[in-house]
Amino acid sequence: MKILVTGAAGFIGMHTSEVLLARGDEVVGLDNLNDYYDPQLKLDRLARLTPHPAFRFVKLDVADRAGMERIFAEEKFDRVIHLAAQAGVRYSLQNPHAYVDSNLVGFINVLEGCRHSKVQHLVYASSSSVYGGNTKMPFSEHDSVDHPVSLYAATKKANELMAHTYSHLYGLPTTGLRFFTVYGPWGRPDMALFLFTKAILEGLPIDVFNHGKMKRDFTYIDDIVQGVIRTLDHVAESDPAFNPLQPDPGRSAAPYRVFNIGNHDPVELMSFIDAIEEAVGRKAEKNFLPMQDGDVPATYADTTELNAWTGFAPATSVKKGVQRFIGWYRSYYGL
Ligand SMILES: NC(=O)c1ccc[n+]([C@@H]2O[C@H](COP(=O)([O-])OP(=O)(O)OC[C@H]3O[C@@H](n4cnc5c(N)ncnc54)[C@H](O)[C@@H]3O)[C@@H](O)[C@H]2O)c1
(Lines give C-alpha, C1' and ligand atoms only; values in the text may rest on other atoms or scores of the structure.)
Protein backbone atom coordinates (compact mmCIF):
# COMPACT_ATOMS: atom_id res chain seq x y z
CA MET A 1 0.00 0.00 0.00
CA LYS A 2 0.99 3.63 -0.45
CA ILE A 3 0.71 5.27 2.94
CA LEU A 4 1.00 8.88 4.06
CA VAL A 5 2.50 9.17 7.54
CA THR A 6 2.28 12.73 8.88
CA GLY A 7 4.67 13.57 11.71
CA ALA A 8 7.11 11.01 10.27
CA ALA A 9 10.12 12.76 11.86
CA GLY A 10 8.40 12.52 15.23
CA PHE A 11 8.77 9.83 17.87
CA ILE A 12 5.78 7.62 17.01
CA GLY A 13 5.87 8.54 13.28
CA MET A 14 9.46 7.38 12.78
CA HIS A 15 8.90 4.03 14.49
CA THR A 16 5.62 3.45 12.64
CA SER A 17 7.22 4.29 9.27
CA GLU A 18 10.09 1.88 9.94
CA VAL A 19 7.72 -1.04 10.50
CA LEU A 20 5.57 -0.18 7.47
CA LEU A 21 8.68 -0.06 5.27
CA ALA A 22 9.95 -3.35 6.71
CA ARG A 23 6.74 -5.10 5.73
CA GLY A 24 6.86 -3.74 2.18
CA ASP A 25 4.59 -0.70 2.15
CA GLU A 26 5.49 2.51 0.33
CA VAL A 27 5.66 5.44 2.78
CA VAL A 28 5.49 9.17 2.12
CA GLY A 29 6.60 10.86 5.33
CA LEU A 30 5.46 14.43 5.95
CA ASP A 31 6.72 16.77 8.69
CA ASN A 32 7.41 20.48 9.11
CA LEU A 33 10.44 19.77 11.37
CA ASN A 34 9.42 22.56 13.75
CA ASP A 35 11.55 23.54 16.75
CA TYR A 36 9.13 22.68 19.59
CA TYR A 37 12.02 20.43 20.61
CA ASP A 38 15.52 19.89 19.19
CA PRO A 39 15.08 19.61 15.38
CA GLN A 40 18.37 17.67 15.19
CA LEU A 41 16.63 14.74 16.90
CA LYS A 42 13.95 14.87 14.18
CA LEU A 43 16.61 14.96 11.43
CA ASP A 44 18.40 12.00 13.02
CA ARG A 45 15.14 10.04 13.16
CA LEU A 46 14.52 10.89 9.48
CA ALA A 47 18.02 9.71 8.60
CA ARG A 48 16.89 6.20 9.62
CA LEU A 49 14.09 6.32 7.04
CA THR A 50 15.56 8.17 4.04
CA PRO A 51 17.95 5.40 2.88
CA HIS A 52 14.95 3.12 2.29
CA PRO A 53 13.99 3.09 -1.42
CA ALA A 54 10.26 2.94 -0.60
CA PHE A 55 10.43 6.08 1.58
CA ARG A 56 10.10 9.68 0.48
CA PHE A 57 10.13 12.76 2.71
CA VAL A 58 8.04 15.87 2.14
CA LYS A 59 8.71 18.95 4.28
CA LEU A 60 5.31 20.55 4.68
CA ASP A 61 3.13 22.11 7.36
CA VAL A 62 -0.22 20.35 7.70
CA ALA A 63 -1.77 23.79 8.23
CA ASP A 64 -0.66 24.80 4.68
CA ARG A 65 -3.95 24.36 2.85
CA ALA A 66 -2.68 24.70 -0.72
CA GLY A 67 0.32 22.45 -0.05
CA MET A 68 -1.88 19.78 1.50
CA GLU A 69 -4.37 19.92 -1.39
CA ARG A 70 -1.51 19.48 -3.81
CA ILE A 71 0.11 16.51 -2.12
CA PHE A 72 -3.16 14.58 -1.76
CA ALA A 73 -4.13 15.28 -5.39
CA GLU A 74 -0.72 14.27 -6.74
CA GLU A 75 0.07 11.24 -4.60
CA LYS A 76 -3.23 9.35 -4.32
CA PHE A 77 -2.54 7.61 -1.02
CA ASP A 78 -4.29 4.33 -0.22
CA ARG A 79 -4.29 4.97 3.54
CA VAL A 80 -3.23 7.75 5.91
CA ILE A 81 -1.71 7.70 9.41
CA HIS A 82 -1.99 11.22 10.78
CA LEU A 83 0.36 11.80 13.71
CA ALA A 84 1.57 15.37 13.08
CA ALA A 85 0.30 17.63 15.83
CA GLN A 86 1.38 20.10 18.42
CA ALA A 87 1.79 17.67 21.32
CA GLY A 88 2.17 18.34 25.05
CA VAL A 89 -0.39 19.32 27.66
CA ARG A 90 1.65 21.93 29.51
CA TYR A 91 2.79 23.88 26.45
CA SER A 92 -0.87 24.40 25.43
CA LEU A 93 -1.18 26.85 28.33
CA GLN A 94 1.74 28.88 26.95
CA ASN A 95 1.13 28.79 23.22
CA PRO A 96 -2.52 27.93 22.51
CA HIS A 97 -2.41 29.19 18.91
CA ALA A 98 0.12 26.52 17.92
CA TYR A 99 -2.54 23.92 18.84
CA VAL A 100 -5.24 25.61 16.78
CA ASP A 101 -2.96 25.84 13.73
CA SER A 102 -1.48 22.33 13.75
CA ASN A 103 -4.27 20.35 15.40
CA LEU A 104 -7.43 22.00 14.07
CA VAL A 105 -6.50 23.70 10.77
CA GLY A 106 -4.07 20.85 10.05
CA PHE A 107 -6.74 18.26 10.78
CA ILE A 108 -9.35 19.75 8.44
CA ASN A 109 -6.71 19.79 5.69
CA VAL A 110 -6.07 16.08 6.27
CA LEU A 111 -9.80 15.29 6.27
CA GLU A 112 -10.37 17.26 3.07
CA GLY A 113 -7.41 15.56 1.39
CA CYS A 114 -8.72 12.11 2.38
CA ARG A 115 -12.24 12.97 1.22
CA HIS A 116 -11.28 14.29 -2.21
CA SER A 117 -8.69 11.62 -2.99
CA LYS A 118 -10.91 8.80 -1.68
CA VAL A 119 -8.50 7.47 0.92
CA GLN A 120 -9.55 3.99 2.13
CA HIS A 121 -8.84 4.59 5.83
CA LEU A 122 -7.65 7.48 7.99
CA VAL A 123 -6.02 6.53 11.31
CA TYR A 124 -5.22 9.55 13.48
CA ALA A 125 -3.70 10.29 16.88
CA SER A 126 -6.07 11.23 19.64
CA SER A 127 -4.99 11.17 23.29
CA SER A 128 -5.83 9.80 26.73
CA SER A 129 -6.09 13.46 27.73
CA VAL A 130 -9.61 13.56 26.21
CA TYR A 131 -10.73 11.81 29.44
CA GLY A 132 -9.91 15.08 31.23
CA GLY A 133 -11.61 15.28 34.61
CA ASN A 134 -13.02 11.71 34.50
CA THR A 135 -12.09 9.67 37.58
CA LYS A 136 -13.95 6.44 36.68
CA MET A 137 -11.19 3.87 36.04
CA PRO A 138 -10.21 2.32 33.74
CA PHE A 139 -11.05 4.91 31.08
CA SER A 140 -13.44 3.41 28.53
CA GLU A 141 -14.44 4.52 25.03
CA HIS A 142 -18.04 4.12 26.20
CA ASP A 143 -17.59 6.95 28.76
CA SER A 144 -18.36 10.53 27.83
CA VAL A 145 -15.31 12.74 27.23
CA ASP A 146 -16.90 16.16 27.48
CA HIS A 147 -14.74 17.60 30.26
CA PRO A 148 -11.25 18.32 28.88
CA VAL A 149 -8.88 20.16 31.24
CA SER A 150 -6.40 21.54 28.67
CA LEU A 151 -6.65 23.09 25.22
CA TYR A 152 -4.48 20.24 23.93
CA ALA A 153 -7.15 17.76 25.07
CA ALA A 154 -9.90 19.90 23.55
CA THR A 155 -8.17 19.87 20.14
CA LYS A 156 -7.86 16.06 20.27
CA LYS A 157 -11.52 15.69 21.20
CA ALA A 158 -12.34 18.15 18.39
CA ASN A 159 -10.45 15.87 15.97
CA GLU A 160 -12.68 12.96 16.95
CA LEU A 161 -15.80 15.08 16.36
CA MET A 162 -14.52 16.38 13.02
CA ALA A 163 -13.61 12.85 11.92
CA HIS A 164 -17.10 11.67 12.80
CA THR A 165 -18.70 14.24 10.51
CA TYR A 166 -16.50 13.12 7.59
CA SER A 167 -17.25 9.45 8.26
CA HIS A 168 -20.95 10.30 8.32
CA LEU A 169 -21.13 12.75 5.39
CA TYR A 170 -18.65 11.18 2.97
CA GLY A 171 -18.36 7.58 4.18
CA LEU A 172 -14.66 8.15 4.96
CA PRO A 173 -13.56 5.34 7.31
CA THR A 174 -11.76 6.97 10.27
CA THR A 175 -10.20 5.51 13.41
CA GLY A 176 -8.90 7.65 16.28
CA LEU A 177 -6.33 6.14 18.65
CA ARG A 178 -6.18 7.56 22.16
CA PHE A 179 -2.51 7.09 23.04
CA PHE A 180 -1.56 6.66 26.70
CA THR A 181 1.91 8.08 27.63
CA VAL A 182 4.12 6.50 24.97
CA TYR A 183 7.81 5.98 25.82
CA GLY A 184 10.88 4.28 24.38
CA PRO A 185 14.04 4.86 22.30
CA TRP A 186 14.02 8.07 20.21
CA GLY A 187 11.37 9.43 22.62
CA ARG A 188 10.31 13.02 23.08
CA PRO A 189 12.59 15.42 25.02
CA ASP A 190 9.61 17.18 26.67
CA MET A 191 8.36 13.97 28.35
CA ALA A 192 9.14 12.72 31.87
CA LEU A 193 11.38 9.77 30.97
CA PHE A 194 13.66 11.90 28.80
CA LEU A 195 13.70 14.83 31.26
CA PHE A 196 14.41 12.58 34.26
CA THR A 197 17.16 10.61 32.52
CA LYS A 198 18.89 13.77 31.33
CA ALA A 199 18.74 15.40 34.78
CA ILE A 200 19.96 12.29 36.63
CA LEU A 201 22.90 11.85 34.26
CA GLU A 202 23.78 15.56 34.60
CA GLY A 203 23.51 15.39 38.41
CA LEU A 204 20.58 17.83 38.46
CA PRO A 205 17.35 17.51 40.50
CA ILE A 206 14.15 16.23 38.87
CA ASP A 207 10.74 17.94 39.24
CA VAL A 208 8.21 15.45 40.62
CA PHE A 209 4.72 16.87 40.23
CA ASN A 210 1.74 16.22 42.50
CA HIS A 211 4.36 15.10 45.07
CA GLY A 212 4.75 11.84 43.09
CA LYS A 213 1.10 10.84 43.60
CA MET A 214 0.49 10.30 39.90
CA LYS A 215 -0.28 7.18 37.93
CA ARG A 216 0.31 6.75 34.24
CA ASP A 217 -0.49 3.91 31.88
CA PHE A 218 3.00 4.05 30.28
CA THR A 219 2.93 2.27 26.91
CA TYR A 220 6.05 1.07 25.13
CA ILE A 221 6.63 2.31 21.59
CA ASP A 222 6.85 -1.16 19.94
CA ASP A 223 3.47 -2.08 21.43
CA ILE A 224 2.02 1.20 20.18
CA VAL A 225 3.35 0.65 16.65
CA GLN A 226 1.91 -2.86 16.59
CA GLY A 227 -1.48 -1.37 17.58
CA VAL A 228 -1.31 1.46 15.04
CA ILE A 229 -0.55 -0.93 12.16
CA ARG A 230 -3.15 -3.49 13.20
CA THR A 231 -5.66 -0.64 13.32
CA LEU A 232 -4.60 0.61 9.88
CA ASP A 233 -5.27 -2.89 8.51
CA HIS A 234 -8.77 -3.05 10.07
CA VAL A 235 -10.76 -0.45 8.18
CA ALA A 236 -13.42 1.22 10.39
CA GLU A 237 -16.95 -0.01 9.75
CA SER A 238 -20.36 1.31 10.69
CA ASP A 239 -22.03 -0.43 13.63
CA PRO A 240 -25.44 -1.78 12.55
CA ALA A 241 -26.41 -2.11 16.23
CA PHE A 242 -25.79 1.59 16.95
CA ASN A 243 -28.84 2.96 18.75
CA PRO A 244 -29.35 6.74 18.38
CA LEU A 245 -31.92 6.60 21.20
CA GLN A 246 -29.08 5.65 23.55
CA PRO A 247 -25.96 6.81 21.69
CA ASP A 248 -22.77 5.05 22.77
CA PRO A 249 -19.85 7.56 22.51
CA GLY A 250 -17.55 4.78 21.24
CA ARG A 251 -19.80 3.62 18.38
CA SER A 252 -21.54 5.07 15.34
CA ALA A 253 -23.76 4.31 12.40
CA ALA A 254 -20.95 5.88 10.35
CA PRO A 255 -17.63 4.07 9.60
CA TYR A 256 -16.04 5.71 12.63
CA ARG A 257 -14.18 4.23 15.60
CA VAL A 258 -12.15 5.51 18.53
CA PHE A 259 -9.96 3.22 20.62
CA ASN A 260 -7.81 3.44 23.71
CA ILE A 261 -4.29 2.24 23.04
CA GLY A 262 -2.53 1.79 26.37
CA ASN A 263 -0.75 -0.77 28.50
CA HIS A 264 -3.78 -1.44 30.76
CA ASP A 265 -1.38 -1.45 33.72
CA PRO A 266 -0.94 1.96 35.35
CA VAL A 267 2.30 2.57 37.24
CA GLU A 268 2.92 4.98 40.13
CA LEU A 269 5.24 7.79 39.12
CA MET A 270 7.59 6.88 42.01
CA SER A 271 7.89 3.28 40.71
CA PHE A 272 8.63 4.64 37.26
CA ILE A 273 11.39 6.79 38.77
CA ASP A 274 12.72 3.70 40.62
CA ALA A 275 12.97 1.90 37.27
CA ILE A 276 14.90 4.84 35.77
CA GLU A 277 17.26 5.04 38.75
CA GLU A 278 17.93 1.32 38.52
CA ALA A 279 18.62 1.44 34.78
CA VAL A 280 20.84 4.54 35.07
CA GLY A 281 22.58 3.22 38.19
CA ARG A 282 22.15 6.49 40.12
CA LYS A 283 19.62 7.97 42.56
CA ALA A 284 17.69 11.08 41.57
CA GLU A 285 17.54 14.19 43.70
CA LYS A 286 13.78 14.89 43.83
CA ASN A 287 12.10 18.25 43.85
CA PHE A 288 8.51 17.54 45.02
CA LEU A 289 6.02 20.03 43.56
CA PRO A 290 2.22 20.47 43.41
CA MET A 291 0.14 19.31 40.45
CA GLN A 292 0.48 21.41 37.31
CA ASP A 293 -2.49 23.10 35.63
CA GLY A 294 -3.94 21.00 32.82
CA ASP A 295 -2.56 17.76 34.27
CA VAL A 296 -4.58 14.79 35.57
CA PRO A 297 -3.62 12.56 38.53
CA ALA A 298 -4.12 9.21 36.79
CA THR A 299 -4.62 7.52 33.43
CA TYR A 300 -5.65 3.91 32.91
CA ALA A 301 -6.73 2.45 29.57
CA ASP A 302 -9.46 -0.12 29.16
CA THR A 303 -8.18 -1.82 26.00
CA THR A 304 -10.91 -4.46 25.62
CA GLU A 305 -12.25 -2.82 22.44
CA LEU A 306 -8.94 -2.57 20.58
CA ASN A 307 -8.04 -6.09 21.64
CA ALA A 308 -11.37 -7.42 20.31
CA TRP A 309 -11.05 -5.44 17.05
CA THR A 310 -7.39 -6.09 16.21
CA GLY A 311 -5.90 -8.53 18.74
CA PHE A 312 -3.80 -5.68 20.22
CA ALA A 313 -1.87 -7.05 23.22
CA PRO A 314 0.93 -4.94 24.71
CA ALA A 315 3.82 -7.09 25.93
CA THR A 316 6.59 -4.82 27.27
CA SER A 317 7.10 -4.27 31.01
CA VAL A 318 8.07 -0.82 32.26
CA LYS A 319 11.33 -2.23 33.60
CA LYS A 320 12.35 -3.61 30.21
CA GLY A 321 11.08 -0.57 28.28
CA VAL A 322 12.92 1.90 30.53
CA GLN A 323 16.15 -0.12 30.18
CA ARG A 324 15.85 0.03 26.38
CA PHE A 325 15.28 3.80 26.50
CA ILE A 326 18.31 4.38 28.73
CA GLY A 327 20.43 2.17 26.45
CA TRP A 328 19.37 4.29 23.45
CA TYR A 329 19.88 7.58 25.33
CA ARG A 330 23.41 6.68 26.36
CA SER A 331 24.44 5.60 22.89
CA TYR A 332 22.73 8.55 21.09
CA TYR A 333 24.36 11.14 23.36
CA GLY A 334 27.59 9.17 23.75
CA LEU A 335 27.30 8.93 27.56
N1 LIG B 1 3.85 10.42 22.84
C2 LIG B 1 2.74 10.33 23.58
O3 LIG B 1 2.77 9.89 24.74
C4 LIG B 1 1.41 10.75 23.02
C5 LIG B 1 0.28 10.65 23.84
C6 LIG B 1 -0.95 11.03 23.34
C7 LIG B 1 -1.06 11.49 22.04
N8 LIG B 1 0.04 11.60 21.26
C9 LIG B 1 -0.13 12.10 19.88
O10 LIG B 1 0.56 11.25 19.00
C11 LIG B 1 1.07 12.00 17.89
C12 LIG B 1 2.56 11.75 17.74
O13 LIG B 1 3.20 12.12 18.97
P14 LIG B 1 4.76 12.03 19.21
O15 LIG B 1 4.97 11.70 20.64
O16 LIG B 1 5.38 11.18 18.15
O17 LIG B 1 5.15 13.57 19.02
P18 LIG B 1 6.31 14.27 18.18
O19 LIG B 1 6.23 15.72 18.54
O20 LIG B 1 7.60 13.57 18.38
O21 LIG B 1 5.85 14.04 16.68
C22 LIG B 1 5.00 14.92 16.00
C23 LIG B 1 5.70 15.34 14.70
O24 LIG B 1 4.78 16.17 14.00
C25 LIG B 1 5.48 17.27 13.47
N26 LIG B 1 4.55 18.39 13.37
C27 LIG B 1 4.01 19.11 14.38
N28 LIG B 1 3.21 20.07 13.89
C29 LIG B 1 3.25 19.94 12.53
C30 LIG B 1 2.65 20.65 11.48
N31 LIG B 1 1.85 21.70 11.70
N32 LIG B 1 2.89 20.25 10.20
C33 LIG B 1 3.71 19.19 9.95
N34 LIG B 1 4.32 18.48 10.93
C35 LIG B 1 4.10 18.87 12.20
C36 LIG B 1 6.61 17.56 14.43
O37 LIG B 1 7.69 18.21 13.79
C38 LIG B 1 6.97 16.16 14.94
O39 LIG B 1 8.05 15.63 14.21
C40 LIG B 1 0.70 13.46 18.16
O41 LIG B 1 -0.51 13.72 17.48
C42 LIG B 1 0.48 13.49 19.65
O43 LIG B 1 -0.42 14.52 20.03
C44 LIG B 1 1.28 11.24 21.72
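**View 1. Tyrosine 124 stands opposite glycine 176 in strand 6.** The chain crosses from strand 5 through helix 6 (residues 151-170) to strand 6. This β-α-β crossover is right-handed: with the strands pointing away from the viewer, the path from the first strand over the helix to the second runs clockwise. Strand 6 covers residues 174-179 and pairs with strand 5 in the parallel sense, over 6 bridges. Two strands count as paired if DSSP finds at least two bridges between them. Helices (H or I, at least four residues) and strands (E, at least two) are DSSP runs, numbered from the N terminus. The model is predicted: local features need pLDDT of at least 70, side-chain atom pairs count only at pLDDT 80 or more, and totals for chains, interfaces and linings use all residues. Residues are numbered from 1 along each chain as its sequence is written, and side-chain values use heavy atoms, with hydrogens and water left out.

**View 2. Strand 4 (residues 79-82) runs parallel to strand 5.** The two are joined by 4 bridges. Histidine 82 has tyrosine 124 of strand 5 as its bridge partner.

**View 3. Strand 5 (residues 121-127) is largely enclosed by the rest of the structure, because 7 of its 7 residues are buried.** Buried means under 20% relative accessible area, exposed over 50%, and partly exposed in between (1.4 Å probe, protein chains only). In a regular strand, side chains alternate between the two faces of the sheet. Both faces of strand 5 are covered. His121, Val123, Ala125 and Ser127 are buried on one side. Leu122, Tyr124 and Ser126 are buried on the other.

**View 4. Val100, Val105 and Leu151 form a nonpolar patch on the surface.** Together they have about 180 Å² of accessible area, from the Shrake-Rupley method with a 1.4 Å probe; for residues, only the protein chains shown count as cover. Like charges are joined within 9 Å, nonpolar side chains (Val, Leu, Ile, Met, Phe, Trp, Tyr) within 5 Å. Valine 100 is found in helix 5 (residues 96-116). Valine 100 counts as partly exposed, at 32% relative accessibility.

**View 5. Proline 205 lies in the loop between helix 7 (192-202) and strand 8 (206-208).** Proline 205 is partly exposed, with a relative accessible area of 38%. Alanine 284 is 79 residues from proline 205 in sequence. In space, the two are 6.5 Å apart, C-alpha to C-alpha.

Note on methods:
Patches are made of residues with over 30% relative accessible area and no salt bridge: like charges are joined within 9 Å, nonpolar side chains (Val, Leu, Ile, Met, Phe, Trp, Tyr) within 5 Å. A salt bridge is a side-chain nitrogen of Lys or Arg within 4 Å of a carboxyl oxygen of Asp or Glu.
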